[in-house]
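The entries follow in the order in which I looked things up.

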Amino acid sequence: MRQPVRITVNGRELEADADTRKLLVNLLRDDLELTGTHFGCGTGTCGACTVMLNGRCVKSCCVLAVDADGAELLTIEGVANDAPHPVQQALAECHGVQCGFCTPGMVLSAIELLQDNPAPSDAEIREALAGNLCRCTGYVNIVAAVQLAATRMAQGDA
């Protein structure tokens, strides 16, 4: 069975005709060609497929595309405008990126954290990023990057 899905993705209103069993991650990657959202575990464990749905992070491998009908989505492609987001810039400067597979989910999760808590502790950062697995960095540089981004955003340097 198919159903029309109308969503706003990164500020653009889009419509797709989706199988009612299609996952949001597959709609984004296959139908809309937004491949920055990665498909990892398929069980919501790794965080590679993280997107913001109506302003909150969700694992798009656990959301049916039809359940996003009428929603506003932000994917990694919509994060940076003319310049990298402060979180992206800080990750680059702090060497918080290696293979890059987890990076989109980390960025979106960090953005959500900083929207809710502009001055998080290291423990709060680690808790906020706990749903995003990184097999390369060991998280130390990622936490440092989120702290740097928080500082810059608080100072208005972002």
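**Entry 1: helix α5**

I began with helix α5, residues 140-155, which has 16 residues and reaches 23 Å from its first C-alpha to its last. That span is close to the 22 Å expected at 1.5 Å a residue. I note here that the model is predicted.

I then asked which residues of α5 are buried. They are Ile 142, Val 143, Ala 145, Val 146, Ala 149 and Ala 150. Because they cover an arc of only 160° around the axis, they lie on the same side of α5. On the other side of the helix I found Val 140 and Gln 155 exposed.

Against what do the buried residues of α5 pack? I found three partners: α2 (86-93), α3 (103-116) and α4 (122-128). Just after α5, I noted that Gly 156 takes a positive phi of about 80°.

**Entry 2: His 85**

I looked up His 85 and located it in the loop between β5 and α2. Is this residue buried or exposed? His 85 has a relative accessible area of 16%; the cut-off for buried is under 20%, so His 85 counts as buried.

I listed the residues that His 85 touches, leaving aside those up to four places away in sequence: Val 79, Ala 80, Ile 111 and Met 153.

**Entry 3: Thr 75**

I next turned to Thr 75, which is found in the loop between β5 (72-74) and α2. I recorded a relative accessible area of 0% for Thr 75, which is therefore buried.

With which side chain does the side chain of Thr 75 make a polar contact? The partner is the side chain of Asn 10, at 2.8 Å. Apart from residues up to four places away in sequence, Thr 75 touches Val 9, Asn 10, Leu 28, Leu 34, Thr 37, Val 51 and Leu 108.

**Entry 4: Val 9**

I followed the contact list of Thr 75 to Val 9, whose place is in strand β1 (residues 2-9). Val 9 is buried, with a relative accessible area of 3%.

With residues up to four places away in sequence not counted, I found Val 9 touching Leu 14, Leu 28, Leu 32, Leu 34, Leu 73 and Thr 75. Leu 28 and Leu 34 are also among the residues that Thr 75 touches. For Val 9 and Leu 32, which are 23 residues apart along the chain, I noted a C-alpha separation of 9.4 Å.

**Entry 5: the whole chain**

Finally I looked at the chain as a whole. How many helices and strands does the chain have? I counted five helices and five strands, in the order β-β-α-β-β-β-α-α-α-α along the sequence.

Taken along the principal axes, the C-alpha atoms fill a box of roughly 50 × 30 × 25 Å.

Of the 158 residues, 43% count as buried. Among contacts with a separation of 6 or more, I noted that 57% join residues 24 or more positions apart. The accessible surface comes to about 7,900 Å², and carbon and sulfur atoms hold 49% of it.

Definitions and conventions:
Residues are numbered from 1 along each chain as its sequence is written. This is a predicted model: local features need pLDDT of at least 70, side-chain atom pairs count only at pLDDT 80 or more; totals for chains, interfaces and linings use all residues. Side-chain values use heavy atoms; hydrogens and water are left out. Helices (H or I, at least four residues) and strands (E, at least two) are DSSP runs, numbered from the N terminus. The expected span of a helix is 1.5 Å times one less than its number of residues. Buried means under 20% relative accessible area, exposed over 50%, partly exposed in between (1.4 Å probe, protein chains only). The arc is that of the directions from the helix axis to the C-beta atoms. Contact means heavy atoms within 4.5 Å. A polar contact is a pair of N or O atoms within 3.5 Å; within protein, one must be able to donate a hydrogen and the other to accept it, and residues adjacent in sequence count only if both atoms are side-chain atoms. Accessible areas come from the Shrake-Rupley method with a 1.4 Å probe; for residues, only the protein chains shown count as cover.
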